[in-house]
Amino acid sequence: MTLDDLYATILARKSADPSSSWTAQLLAKGPEKCAEKFGEEAIEAIIEAIKDDKAALTSEAADVIYHLLVMLAARDVPLTDVIDELARRQSTSGIAEKASR
Ligand SMILES: N=c1c2ncn([C@@H]3O[C@H](COP(=O)(O)OP(=O)(O)OP(=O)(O)O)[C@@H](O)[C@H]3O)c2ncn1[C@@H]1O[C@H](COP(=O)(O)O)[C@@H](O)[C@H]1O
């Protein structure tokens with residue numbers, strides 16, 4: 001399973017029956033709710049990182065990634081655009097980028 005596969009599934013859920021799909025239910029609640037849900041999941045991951053519970057952090061990290069993709073889909077931002085942005089940054093170290101601001 002790749003992030004592309006998961007994103008394709010999430011996009012397909014935009015037109016799916018909400019009674020049979022959690023993703024379709026979440027998308028039907030609108031982009032603001034998707035963003036709120038992403039924030040909740042991020043906080044849960046932060047808590048597990050601080051506790052250093054590696055199993056729980058792994059699970060919460062999966063929730064964060066899934067909900068990030070749902071949030072992107074809700075706002076029609078292609079995952080490929082995010083990957084392209086990461087690729088664009090690849091040639092520059094974070095320290096050099098910060099110094100150039
Ligand atoms: N990766 C996920 C995934 N991760 C988390 N979740 C769901 O996200 C929901 C939210 O988690 P919470 O712990 O916040 O649940 P909750 O506390 O009951 O929610 P609230 O009461 O706070 O609203 C849960 O119901 C999880 O099942 C996911 N649901 C779906 N996927 C993927 O999306 C695909 C399509 O799913 P459906 O759209 O449901 O067919 C699946 O095959 C999976 O690959």
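**Reading the core, a helix and the ligand shell**

Guide: The model is a predicted one, and its largest nonpolar core holds 13 residues, of which Leu27, Cys34, Leu69, Val70, Met71, Ala73 and Ala74 touch the most other members. At least two residues of this core come from each of α1, α2, α3 (31-51) and α4. The largest share, seven residues, belongs to α4.

Visitor: How does one decide whether Val70 is buried or exposed?

Guide: One counts the C-beta atoms around the residue; 20 or more others within 10 Å make it buried. Val70 has 24 C-beta neighbours inside 10 Å and therefore counts as buried. Val70 is placed in helix α4.

Visitor: With which residues is Val70 in contact, leaving aside its neighbours within four places in sequence?

Guide: They are Ile10, Thr23, Leu26, Leu27 and Cys34. Consider Cys34 in particular: 36 residues separate Val70 and Cys34 along the chain, and their C-alpha atoms are 6.6 Å apart. Leu27, with the same exclusion of neighbours within four places in sequence, is in contact with Arg13, Lys14, Cys34, Val70, Ala73 and Ala74.

Visitor: Which residues of α4 are buried, and what covers them?

Guide: The buried residues of α4 are Glu60, Val64, Tyr66, His67, Leu69, Val70, Met71, Leu72, Ala73 and Ala74. Their cover includes α1, α2, α3 and α5 (79-89).

Visitor: Which residues surround the ligand?

Guide: A shell is read by listing its residues and then asking where they come from. Here Leu6, Thr9, Arg13, Ser21, Trp22, Thr23, Ala24, Asp63 and Tyr66 surround the ligand. The elements giving two or more residues to this shell are α1 (3-12), α2 (22-28) and α4 (54-74). The largest share, three residues, is from α2. Sorted by class, the shell has four nonpolar, three polar and two charged residues.

Visitor: What scores does the predictor give the complex and the chain?

Guide: For the complex, the predictor gives an ipTM of 0.87 and a pTM of 0.91. The chain has an average pLDDT of 94, and 100% of the residues score at least 70.

Definitions and conventions. Residues are numbered from 1 along each chain as its sequence is written. This is a predicted model: local features need pLDDT of at least 70, side-chain atom pairs count only at pLDDT 80 or more; totals for chains, interfaces and linings use all residues. A residue is near a molecule or strand if its C-beta atom, placed from the backbone, lies within 6 Å of it. Helices (H or I, at least four residues) and strands (E, at least two) are DSSP runs, numbered from the N terminus. Ala, Val, Leu, Ile, Met, Phe, Trp, Tyr, Cys and Pro count as nonpolar, Asp, Glu, Lys and Arg as charged, and the others, Gly among them, as polar. A nonpolar core is a set of buried Ala, Val, Leu, Ile, Met, Phe, Trp, Tyr and Cys residues joined through C-beta atoms within 7 Å. A residue is buried if 20 or more other C-beta atoms lie within 10 Å of its own, exposed if 12 or fewer, and partly exposed in between; C-beta atoms are placed from the backbone. Two residues are in contact if their C-beta atoms, placed from the backbone, lie within 7 Å. pLDDT is the predictor's confidence in each residue, from 0 to 100.
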